[in-house]
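Hi,

Here is the structure I promised to send over.

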Amino acid sequence: MSESSGATFGGRRAVPPNTSNASENDPPTMELHGLVPRGFNRQDYLNVTGVHLFKERWDSNKVDHHTDKYSNNKLIVRRGQSFYIQIDFNRPYNPRRDLFRVEYVIGRYPQENKGTYIPVSVVLRADRSVRLSIQSSPDCIVGKFRMYVAVWTPYGVIRTSRNPETDTYILFNPWCEEDAVYLDNEKEREEYVLNDIGVIFYGDFSDIKSRSWSYGQFEDGILDACLYVMDRAKMDLSGRGNPIKVSRVGSAMINAKDDEGVIAGSWDNVYAYGIPPSAWTGSVDILLEYRSSENPVRYGQCWVFAGVFNTFLRCLGIPARVVTNYFSAHDNNANLQLDIFLEEDGNVNSKLTKDSVWNYHCWNEAWMTRPDLPIGFGGWQVVDSTPQENSDGMYRCGPASVQAIKHGNVCFQFDAPFVFAEVNSDLVYITAKKDGTHVVETLDTTHIGKLIVTKEVGGDGIKDITDTYKFQEGQEEERLALGTALMYGAKKSLNTEGVVKSRSDVHMNFEVENAVLGRDFKVTITFRNNGPAHYTITAYLSGNITFYTGVAKAEFKNKTFDVTLEPLSFKKEEVLIQAGEYMGQLLEQAFLHFFVTARVNETKDVLAKQKSIVLTIPKVIIKVSVIYQGLRPLQIPKPISTVGSDMVVTVEFTNPLKETLKNIWIYLDGPGVTKPIRKMFQEIQPNSTVKWEEVCRPWVSGPRKLMASLTSDSLRHVYGELDLQIQRRPPM
């Protein structure tokens with residue numbers, strides 16, 4: 001069944017690479033051999049008159065395989081689990097003289113030894129209609145197979161012609177114990193495979209924020225879009241049954257850094273000819289646009305990459321979740337420490353400081369066995385599609401075993417040293433002397449990987465999974481894990497073991513009061529002297545507009561001040577931050593970063609602290625009214641609607657700023673309630689309110705969400721959501 005080729009590959013004759021699920025090479029409907037008698041008539045032999053796949057949503061094939069939620073009229077099954085088909089013949093089947101088999105074919109160059117041509121032999125007693133139970137291998141290729149029925153005659157094979165209605169999708173199967181993605185907890189399977197709405201956490205460690213995300217893995221066209229992603233990667237079909245390979249390819253293809261993948265990233269606050277990352281409410285529009293345009297979609301940042309990657313994994317059947325790491329290290333020189341270089345006056349030296357600490361960073365975890373690693377390193381694997389560092393020639397990361405990261409076994413593939421550094425690096429403050437020497441001033445072993453979270457199973461709350469990545473800070477096991485990572489080849493350029501501890505009894509900390517966008521607020525620095533000596537301190541505060549990646553855009557505030565501390569005393573210094581100082585340069589996530597350094601003049605000790613804050617941004621308000629029998633909408637406090645019934649969704653936003661907002665786009669999404677839609681407003685005057693109404697007709701029952709976002713020239717990352725309960729349509 002393979003197509004012969006006259007091409008030569010690498011000095012030998014070979015079948016061309018089979019890298020496209022969409023490409024086809026239909027086998028002949030008649031393969032006759034030898035001399036055929038003049039009176040041969042194919043109707044004299046067993047002929048197929050019909051094939052029934054039982055592919056409706058309510059049929060057992062889809063219900064038993066947990067694929068009944070897919071908006072796809074083709075048969076979708078999971079590997080390693082039986083399904084049923086029925087074949088009708090032109091006469092009763094006689095096993096003594098009739099021989100037929102079902103053939104499943106994928107790609108243009110199918111070969112049985114590659115798993116891209118799967119013959120299913122049949123030996124049974126039956127009548128004119130034959131009902132078959134077919135079960136694929138638990139390591140079968142994942143993709144869309146073409147199906148044929150081949151009947152053997154004395155003169156060759158008679159085969160059914162190509163019929164797209166019999167195409168069959170085969171997916172990973174977390175319900176099958178022999179599958180590499182088997183997950184033994186039903187509630188977790190419901191969450192990590194079947195839940196099409198998630199929660200992504202962002203913001204700051206001290207001010208955690210969340211937003212819902214529509215994964216939409218069951219929406220019309222998404223499954224084909226995910227298969228297309230692997231086709232664009234030119235991934236060999238024979239490797240598409242391996243979740244390790246599939247997740248690694250997905251990690252590279254979700255970003256467009258070097259392979260024309262799904263999403264183009266942008267971190268410079270300029271989003272010309274595209275949509276700002278904060279405006280997206282889900283993955284569906286992104287994947288469908290990529291499939292139709294065949295070009296990268298603009299623009300994304302880490303939570304967008306993670307949300308779309310989660311859709312890709314869950315759609316194919318790989319259990320997956322989005323994870324957020326607060327104070328995530330980006331270790332550019334791979335030495336497992338973040339080097340913050342200071343001038344002698346305590347200011348940060350931006351030229352020497354190449355590492356950065358992201359306020360938060362989102363990645364994914366995928367569940368699978370790791371037969372390529374020693375026993376015990378399967379389970380959750382880190383996969384990250386945000387393009388940060390090059391891995392084997394492409395911007396991708398993982399899969400890296402979470403268990404290996406926790407114990408410092410960074411020798412195991414893939415990209416474990418980089419992930420280990422993200423959650424468990426040391427923060428080192430180094431003074432760059434004018435004579436060219438570097439002096440390690442202080443070491444912070446607890447700042448990086450402060451908190452690692454994901455959405456809880458069965459709810460929208462937060463689940464702390466920090467202990468799956470690292471031992472408790474300061475414990476011997478945590479230092480041992482770091483030592484193990486260093487032993488396995490991670491370099492460390494500076495010796496931090498002998499850092500001189502503070503020679504004075506002075507301690508410093510600072511707090512930032514709750515800050516609302518467009519308003520003034522205060523920063524309070526506290527100096528405490530726990531000893532009997534008298535100290536004088538020279539301190540420096542720097543306030544910066546920063547990207548959430550920790551990279552500074554501009555300094556908007558700097559102040560130097562002197563403090564005198566009496567023995568056994570404390571003193572507070574307040575610095576007023578005025579709205580006019582930061583509003584003109586604010587970035588879309590409204591992150592402000594404060595860095596305070598202080599030098600104790602008597603002992604030359606350097607104290608350093610840094611904190612980021614997220615300004616409180618106004619929300620979009622969503623309301624729902626139900627229409628009863630064509631009457632005027634009725635506002636209800638607890639939104640309850642019925643499948644197939646109209647309801648009015650109202651989106652409202654009030655401009656709290658003293659300036660007019662211009663070029664406003666509002667986006668609305670609700671899986672199973674409405675397709676993603678958007679509306680533009682020219683401007684919103686200060687303290688003015690805009691309203692947008694849409695009539696929606698839900699088609700999915702159960703708990704649902706409506707999500708809305710707003711973006712404008714000067715205000716972004718505005719968001720709102722509303723929980724809904726959609727009831728089943730009552731029986732007639």
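D426 sits in strand 24, which covers residues 426-432; helices (H or I, at least four residues) and strands (E, at least two) are DSSP runs, numbered from the N terminus. D426 is also buried, with a relative accessible area of 2%. Here, buried means under 20% relative accessible area, exposed over 50%, and partly exposed in between (1.4 Å probe, protein chains only).

Before going on, please bear in mind that this is a predicted model, where local features need pLDDT of at least 70, side-chain atom pairs count only at pLDDT 80 or more, and totals for chains, interfaces and linings use all residues. Residues are numbered from 1 along each chain as its sequence is written, and side-chain values use heavy atoms, with hydrogens and water left out.

D426 belongs to a set that UniProt, in an unreviewed entry, annotates as "binding site": N424, D426, E473 and E478. These four are spread over 55 residues of sequence, but they cluster in space, with a largest C-alpha distance of 11.7 Å. UniProt positions are given in the numbering used here, feature names are shortened, and annotations may be inferred rather than shown by experiment.

E478 is in helix 10 (residues 476-487) and is buried, at 1% relative accessible area. Leaving aside neighbours within four places in sequence, E478 is in contact (heavy atoms within 4.5 Å) with N424, T445, F471, Q472 and E473.

The unreviewed UniProt entry marks C302, H361 and D384 as "active site". They span 83 residues in sequence, yet no two of their C-alpha atoms are more than 10.0 Å apart, so they gather at one spot.

C302 lies in helix 6 (residues 302-316) and is buried, with a relative accessible area of 0%. Not counting residues up to four places away in sequence, C302 touches W267, W358, Y360, H361, C362, T386 and Y548.

D384 is part of strand 20 (residues 379-384) and counts as buried at 1% relative accessibility. With residues up to four places away in sequence left out, the residues that D384 touches include H361, C362, R396 and E422. The side chain of D384 also makes a polar contact with the side chain of Q388, at 3.3 Å. A polar contact is a pair of N or O atoms within 3.5 Å; within protein, one must be able to donate a hydrogen and the other to accept it, and residues adjacent in sequence count only if both atoms are side-chain atoms.

Best wishes
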